[in-house]
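Hi,

Here is the structure I promised to pass on to you. Please have a look at it first, and then read on for my notes.

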There are 2 protein chains.
Amino acid sequence: MLSYTEENYLKAIYHLSSGGEHEVSTNSIAESLQTKAASVSDMLKKLSVKELVEYRRYKGVNISEEGKKEALKIIRKHRLWEVFLVNNLKFNWDEVHEVAEQLEHIKSPLLIKRLDEFLGYPSFDPHGDPIPDEYGVIKDKAKILLKDLEEGNEAIVVAVSDDNPAFLQYCSKLGIKIGTPLKAIDKLEFDNSMQLLLDGDQKINVSKEVSENIWVTD
Amino acid sequence: MLSYTEENYLKAIYHLSSGGEHEVSTNSIAESLQTKAASVSDMLKKLSVKELVEYRRYKGVNISEEGKKEALKIIRKHRLWEVFLVNNLKFNWDEVHEVAEQLEHIKSPLLIKRLDEFLGYPSFDPHGDPIPDEYGVIKDKAKILLKDLEEGNEAIVVAVSDDNPAFLQYCSKLGIKIGTPLKAIDKLEFDNSMQLLLDGDQKINVSKEVSENIWVTD
DNA sequence: ATATTTTTTTAGGTTAATCTAAATTTATAT
DNA sequence: ATATAAATTTAGATTAACCTAAAAAAATAT
Ligand SMILES: [Mn+2]
Ligand SMILES: [Mn+2]
Ligand SMILES: [Mn+2]
Ligand SMILES: [Mn+2]
């Protein structure tokens with residue numbers, strides 16, 4: 001049985017490695033989990049003994065197949081709970097992440113099976129992130145960062161970063177949500193901001209920071 | 001902020017003292033939480049410093065008003081989650097307690113407010129236990145233990161113990177649920193078992209153990 | 001190639017929650 | 001009233017997760 005903390009480490013490693021594609025540095029894990037590198041080193045040894053990661057000192061870690069499976073289970077729970085909170089408990093999309101961070105650690109296979117059923121087997125969470133199925137399989141949409149959308153091109157918002165409430169509130173204020181159609185009117189060199197046309201009528205300017213936290217159809 | 005463990009101690013003390021009515025012994029807490037008396041002594045000192053209990057060594061503890069408030073918050077969450085699991089996720093009444101033991105520690109006032117609203121402000125959980133309102137006020141029904149129902153008297157099942165899945169499954173098998181009308185036909189001296197008439201037609205015999213874990217209308 | 005900087009690990013502690021064994025207090029029995 | 005038993009506390013360890021400071025390895029710059 002994994003501890004709450006071990007689960008959070010695995011999830012962080014999974015995300016930082018883009019789904020297990022590459023190795024992850026000690027410092028990046030420390031930053032992501034708001035802890036110190038020394039603590040990370042300790043935990044990596046522990047996870048390595050449990051064969052959830054492959055770890056060679058000074059070389060970073062790779063998540064193992066078993067570790068990936070565990071990470072995906074937690075991510076699945078996190079996203080299903082977010083759907084529940086938004087769809088059924090009327091939470092705003094900026095209010096769910098923190099609560100889901102707690103709910104994702106509840107251990108009950110039956111609970112997650114029934115929750116999935118209750119929600120109607122959703123494929124995406126309120127921020128457009130794909131929900132792994134019970135086998136850990138993810139079916140995501142092709143997408144690019146808004147900042148990489150070329151001038152003159154049109155696209156639809158398919159996902160947003162989910163862990164910064166202020167950012168999500170700002171998106172709501174701007175009128176940006178999942179499904180919003182937009183067009184890149186202009187990209188400004190000096191501050192990397194973008195001029196957008198929202199819903200075909202609303203003209204707005206978004207900063208580099210914003211355009212790096214929104215994904216649109218490819 | 002209370003730790004998971006502190007919350008469990010407070011809840012145990014609250015229950016063992018019948019809602020703060022009397023003091024509780026170190027050993028009874030240890031037994032209830034499946035831990036050792038030495039561990040309990042340590043924790044009681046901690047809770048005492050936080051003024052959640054009044055503790056005099058060798059004399060047992062009393063829960064404080066503040067401690068009672070915290071305990072009731074956890075009990076409220078526990079029972080609301082049990083309602084959700086049974087009513088919405090189709091859990092059986094014997095499957096919910098263990099999961100609720102985890103869910104009761106989720107910290108989010110908004111979550112519990114919205115869950116209560118979503119469930120339609122239920123007053124009782126699936127085992128007939130009253131759900132404290134947001135101020136910690138409990139409106140319970142007058143009830144007696146089935147074993148204290150006098151021969152010849154009729155009554156209705158209003159509550160059952162909720163922490164033993166095997167007991168709850170056995171109740172289901174016997175046809176005993178919340179709302180079941182029954183009559184005490186006979187009480188046998190030698191083994192303290194009871195003969196009951198269920199729903200006016202079904203004749204069954206229940207052991208002392210069973211009749212001590214079912215409550216009926218007074 | 002060597003010096004400097006950055007990253008990572010190790011060494012040695014701390015805290016919360018737990019344990020066993022020993023000491024102490026309280027309760028019970030004769 | 002005293003001896004014995006039971007309940008409780010204290011002493012001293014252990015474990016998981018964390019920390020700071022020092023040491024070691026790897027990366028970078030000249
Ligand atoms: Mn999230
Ligand atoms: Mn999300
Ligand atoms: Mn319960
Ligand atoms: Mn219950």
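Below are some notes on a sheet and a metal site in chain B. Please keep in mind that this is a predicted model.

Let me start with the sheet. In chain B, six strands make up an open sheet, and their order is E3-E8-E4-E5-E6-E7 with antiparallel pairing. Strands E3 (143–145) and E7 (202–206) of chain B are at the edges; each has a single partner strand, so one side of each has no neighbour in the sheet. From one strand to the next, the twist averages 45°.

Now to the metal. Which residues coordinate the manganese ion (ligand 3)? The donors are B:His78 (NE2), B:Glu82 (OE), B:His97 (ND1) and B:Asp162 (OD), at 2.0 to 2.1 Å. Along the chain, the donors of this manganese ion (ligand 3) have the spacing H-x3-E-x14-H-x64-D. B:Glu82 also forms a bridge between the manganese ion (ligand 3) and the manganese ion (ligand 4), and these two ions lie 3.5 Å apart.

B:Glu82 belongs to helix H4 (residues 65–87) of chain B, while B:Asp162 is in the loop between E4 and helix H7 (165–174) of chain B, so this pair ties together parts that are 80 residues apart in sequence. Both B:Glu82 and B:Asp162 are buried.

Enjoy exploring it!

Best wishes

Note on methods:
Residues numbered from 1 in each chain as written. Chains lettered and ligands numbered in written order. Predicted model: local features only at pLDDT ≥ 70, side-chain atom pairs only at ≥ 80, totals over all residues. Heavy atoms only, no water. Pairing = 2+ DSSP bridges. Helix = DSSP H or I, 4+ residues; strand = E, 2+ residues; numbered from the N terminus. Axes fitted to C-alpha atoms, helices over the stretch in contact; angles between N-to-C directions. Donors = N, O, S within 2.8 Å, 3.2 Å for Na, K, Ca; no water. Buried < 20%, exposed > 50% of the residue type's maximum accessible area, 1.4 Å probe, protein only.
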